[in-house]
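Please examine the sequence and the model below with care.

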Amino acid sequence: MVIIKADDFENYYKILNDLGRDEFAAVKRVKELSSGIDYAAKFIGKKRGIVGKRGLKREEILREAEILSQLNHRNIITLRDVFENKHEIILVLELVGAEEEAVSFILKILESVHHMHEKKHIVHLDLKPENVMLLEKNKIHLKIIDFGISGQLKPNEPTKETFGTPEFVDGASPLLDNTNQETFANISQVDYRFDEEFFSHTKDFIQRLFIKNPKSGILGTTCGYGLYKYL
Ligand code: ADP
Ligand code: MG
């Protein structure tokens with residue numbers, strides 16, 4: 001269970017600079033008043049009523065907190081505090097120093113994913129370079145962040161969800177099609193095509209991640225059990 005504080009956030013933390021922002025969340029560097037230690041605070045806007053267009057549902061935001069609170073691994077971001085006020089929920093996270101391309105750290109990512117899958121049946125579902133950060137610049141200690149769309153599976157129960165960022169590509173993707181819908185269809189049917197120009201060195205590795213496992217109902221594309229099996 002996550003403890004949610006209803007006190008005023010600014011009684012505990014001083015807000016410093018922006019670290020990142022998108023439609024619903026703003027991440028800011030904050031300083032804890034009692035210790036002087038800096039953290040990253042993720043301010044997530046709550047949807048107003050059922051018809052509200054902006055913000056996320058309270059339970060969607062709390063799922064991220066609930067999931068983070070269950071994980072304790074040196075390569076996964078740590079949740080320190082959760083605050084809630086009328087308009088937003090604030091997740092106070094361990095501060096991570098530098099965002100880098102994490103290609104050479106794939107093994108560490110695989111170990112973290114293995115930890116989530118094996119110990120807690122948690123699937124991240126949004127693994128991509130911007131959600132993998134380095135604790136400090138030039139040090140290889142990486143941290144997996146952003147459990148915003150992650151989920152916890154029940155062992156032996158089929159799960160059917162369409163989640164993720166289909167348009168996330170660095171120039172080429174063996175699954176990308178003309179529309180999101182066609183891309184999702186390619187993903188669920190494991191229908192892919194490699195362009196030799198881009199994939200000659202990585203084809204074998206990627207192919208091993210594309211495991212359709214009808215038994216568990218999970219498709220191993222970016223972060224399902226495909227990676228788990230590869231370990
Ligand atoms: P979203 O769900 O909006 O993508 P993220 O959790 O990925 O939110 O945070 C958005 C951005 O904020 C990240 O891409 C990163 O640049 C920055 N950020 C998030 N968490 C931290 C952290 N713990 N320390 C430093 N920066 C962070
Ligand atoms: Mg993100």
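A nitrogen atom of ligand 1 is placed 2.7 Å from a polar backbone atom of E94. Such a pair is a polar contact, that is, two N or O atoms within 3.5 Å; within protein, one must be able to donate a hydrogen and the other to accept it, and residues adjacent in sequence count only if both atoms are side-chain atoms.

The model is predicted: local features need pLDDT of at least 70, side-chain atom pairs count only at pLDDT 80 or more, and totals for chains, interfaces and linings use all residues. Residues are numbered from 1 along each chain as its sequence is written, chains are lettered from A and ligands numbered from 1 in the order in which they are written, and side-chain values use heavy atoms, with hydrogens and water left out.

Which residues come nearest to ligand 1? Of the 18 residues around it, these are D22, K42, E94, V96 and D146; a residue is near a molecule or strand if one of its heavy atoms lies within 4 Å of it. The shell around ligand 1 consists of 10 nonpolar, 2 polar and 6 charged residues. In this division Ala, Val, Leu, Ile, Met, Phe, Trp, Tyr, Cys and Pro count as nonpolar, Asp, Glu, Lys and Arg as charged, and the others, Gly among them, as polar. Domain 1 (9–94) and domain 2 (103–229) each give at least three residues to the shell around ligand 1, the domain bounds being taken from an automatic or database domain assignment.

The shell leads next to the strands. The elements that give two or more residues to the shell around ligand 1 are β2 (13–21), β3 (25–32), β4 (38–45) and β6 (88–94). Strands (E, at least two residues) and helices (H or I, at least four residues) are DSSP runs, numbered from the N terminus. An open sheet is formed by 6 strands in the order β1-β5-β6-β4-β3-β2, with mixed pairing; two strands pair if DSSP finds at least two bridges between them. The edge strands, β1 (4–5) and β2, each pair on one side only.

β2 and β3 are antiparallel and pair over 6 bridges, and 3 residues lie between them in a hairpin. The bridge partner of R21 in β3 is A26, while that of G20 is V27. Next, β3 pairs with β4 in the antiparallel sense over 7 bridges, and here V30 stands opposite Y39 in β4. The hairpin of β3 and β4 has 5 residues between the strands, and G36 in its turn has a positive phi of about 75°.

β1 and β5 pair in the parallel sense over 2 bridges, with K5 opposite F83 in β5. In contrast, β5 and β6 run antiparallel and are joined by 5 bridges, and E84 stands opposite I89 in β6. A hairpin of 3 residues joins β5 to β6. Is β5 mostly covered or mostly uncovered? It is mostly covered, since 5 of its 6 residues are buried. Here buried means under 20% relative accessible area, exposed over 50%, and partly exposed in between (1.4 Å probe, protein chains only).

H87 and I44 are 43 residues apart in sequence and 8.6 Å apart in space, C-alpha to C-alpha. S150 is located in the loop between β10 (142–144) and β11 (151–152); with a relative accessible area of 1%, S150 is buried. A polar atom of the S150 side chain lies 2.8 Å from the backbone oxygen of F147. Finally, L175 lies in the loop between β11 and α3 (180–189), and L175 counts as buried because its relative accessibility is 10%.
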